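Welcome! Please take a look at the model below, and then we will walk through some of its parts together.

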Amino acid sequence: MIALMLAVACAPKIDPGPIPAAVAAAPVRVIDLQDPDSPLVYLQAVIAAGSSSDRPGQEGLAALTANSLVEAGAGEWSGAELRAALYPSGADLEVLVDRDLVSLRLTCHRDHAALCLDAFASALTAPRFDASDVDRLRDEALYAVTDGMLEDIEALGGELLQAWLYEGHPYGHPPSGRAGAIPVLDRDAVARFYSDRYVRESVIVGIAGGYDDDLRAALDARLLALPGAPAPDRVMMSAVAVDGRSLLVAETADASVGFHLGHPLDLDRNDPDHAALYLAMNVFGAHRESHGRLYGSLRTARGLTYGSYAYAEPFVQRGWSSLPENGAVRRQGYFSLWIRPVASDNAAFALKLAIDELEQLVDQGLTEGEFDDARAYLRGWVPLLAQDLGRRLAFELDAAASGTPLFLDDLPARLEALTREDVNGALRRHIHPDTLRIVAVGGEGTALRQRLVEDESTPIVYADVSPGEAQAARDAEIATKDLGIPPDHARVVEAEGIFR
Amino acid sequence: MAVPWPGAAAARLTLAWRIPPHDPDDPDVAALQLVEELLLSDVGPLKRRLVDEEGLVYEVWGGRDSFVAGALFTVSTMLRDPSHLDRVEQIIGEEVEALHTAVDAGRLDRARTHARYDALLELDAPAPTATALGWAARRGGVDALDRFQATVDAVTPQALADAVGRHLVDEHLVHATLIPTEDAP
């Protein structure tokens, strides 16, 4: 494997020949959402240079490059000078790195539009990559995938599930990188990555708000500084097929256990079944909402955990809100179910209950009432996703970068044409409870593995309350439920150093 | 206060001073809002010295609470190495001490401008605008936003130094550390 990685990393470049004239002359694609009444100007770019662009042995380079755009100097400014220049405007350059895309954003008041355009364009087209800043950012990335990851067992679980679902695949490492690869990254590697990946064909820029024609023309002129070269090929392969159920326990010093489970899902926003599954997951486990079946069963009825949610596509939360972040659309997706930390004594029961709920969802589908309620809910919820022009622009960029319809308009339209049968059929076609990779992160890993794989009964322990008769009967069934994880498909590993 | 912490984690140091509760018309509250800008912004001396120059911490953050029933002014750091605790505390102390002397008027104006535009940029959608109005309503009425801005605009370099001398002093200081250790409970 190491030899293969070295061969790929060190392979000589094949001269691609001269750049076609049409490519060399083509400008960067720019999306406009002008609103003369807006006091703000939003500048955004998405670049097809996310962490799936990292070559083996250089995992973390895409993120280090992206973070260096805004922290390691640009144009005439050092990193500190750029921050000082923007400071009076209240504006901050923001970077988000996901598997496929890097997002660069700057929002400012139109009083400072020219300054912000200069800062944004300099970061995108003329980064300096000052070595001391790159070294500092590299150290921060190393912390993020080592002790930083161990401080947040929920983030660790989410990354572990993706690493396992995409083992040996360009999506198979956290965007921050691998601890074994990050130390070898340096300023020169960053500069080479930028030179190869940040070309006009790989970049889509958006501008929204109260800008004038002069600013718009200036943006076009600045973007010509990017090389007119073809976008590099982005390697993609199928996710590893998941067969049956398997378990990975990552042991930490924590007293609780969190779960992430799922399987690859060969479906994106172009697929006719996407809207059906989106609605189904709203019924089953709407993110950070209390109306999902999982939430009702695990938290409301039994107090097992703070929450439990499910997703039909990769999901990144936007800051502290419950809404989805933009810039996280991907070429390949996966289904996932998240159980927030559970006390160790009840961890096995909670996992059994969540999987039982999933099996019921697929076997029996949604009721007519659930279907109607979810459709009404989503009709009202989708407009809340983009309450300002900047967020609408981010959805426009997502659509353009991924070759999918504009989610804000497309989902409501598709919902109107859906039937309950469509949703239940999509669940049966795409969600497979019998083929799950299950990641547990928490303390007492070996004992947890035994409870999940070998113990015949793992009853729930209630704290000072007694369930009603019907719930007690179901609890008894769940306690003896066989998760069907073969012993040789269940392993325990130390969480420390797991992303080496 | 020292908290031993089990497992892997970066050590934390937080210094917290008791300060007056939020009042849109209180000049000291407005001055402390500007102290937050001067000390803890991306261009402030703590980020420059602790993160950029000496590489002692991953992050430094904090500022003034705007609670109405008692408040804190905090400076928190996430250390790269617990052995640097004393040096980090020394630098924070030096930068707070420096604010006991009147700052350059131009620097104060930049901080004021940043605070104003930072607040304006938050008001680009109904939800954050409603939050801001709700915040103001609990703090003296909807016009509390404008009144507080006027109080901030009136802060002079000497008034800021005087407010620091009254509030960011040892008698009001609480010191907390979180240190990862194998022996933690």
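A residue is called buried when its relative accessible area is under 20%, exposed when it is over 50%, and partly exposed in between (1.4 Å probe, protein chains only). This is a predicted model, in which local features need pLDDT of at least 70 and side-chain atom pairs count only at pLDDT 80 or more, while totals for chains, interfaces and linings use all residues. Residues are numbered from 1 along each chain as its sequence is written, chains are lettered from A and ligands numbered from 1 in the order in which they are written, and side-chain values use heavy atoms, with hydrogens and water left out.

**A covered helix**

Helices (H or I, at least four residues) and strands (E, at least two) are DSSP runs, numbered from the N terminus. Let us begin with helix H11 (residues 274–285) of chain A. H11(A) is mostly covered, since 12 of its 12 residues are buried. Among them are His274(A), Tyr278(A), Asn282(A) and Gly285(A). The expected span of a helix is 1.5 Å times one less than its number of residues. For the 12 residues of H11(A) that gives 16 Å, and the end C-alpha atoms are 16 Å apart, which agrees.

What does H11(A) pack against at an angle of about 105 degrees? Its partner is helix H14 (residues 368–381) of chain A, with the two axes 9 Å apart. Axes here are lines fitted to C-alpha atoms, for helices over the stretch in contact, and angles run from 0 to 180 degrees between N-to-C directions. Angles under 35 degrees count as roughly parallel, over 145 as roughly antiparallel, 65 to 115 as roughly perpendicular and the rest as oblique. H11(A) is therefore roughly perpendicular to H14(A). Residues making the contact (heavy atoms within 4.5 Å) include Leu279(A) and Val283(A) of H11(A) and Phe371(A) and Trp381(A) of H14(A).

**Two cores**

In soluble globular proteins, nonpolar side chains tend to be buried together. A nonpolar core is a set of buried Ala, Val, Leu, Ile, Met, Phe, Trp, Tyr and Cys residues joined through side-chain atoms within 4.5 Å. The largest one has 67 residues, and Phe259(A) and Leu279(A) touch the most other members. Helix H13 (residues 344–364) of chain A gives the most to this core, with 11 residues. Another core, of 61 residues, lies apart from it and includes Leu61(A) and Phe193(A).

Two strands pair if DSSP finds at least two bridges between them. Six strands of chain A form an open sheet with mixed pairing, in the order E8-E9-E7-E10-E6-E11. Strands E8 and E11 of chain A stand at the edges with a single partner strand each, so one side of each is left without a neighbour in the sheet. From one strand to the next, the twist averages 15 degrees. E8(A) and E9(A) pair in the antiparallel sense over four bridges, and Tyr309(A) stands opposite Trp338(A) in E9(A).

H13(A) lies across E7, E9 and E10 of chain A, running at about 145 degrees to E9(A).

**Positive phi values**

| Residue | Phi | Place | Relative accessible area |

In chain B, Gly55(B) follows helix H2(B) and has a positive phi, near 60 degrees.
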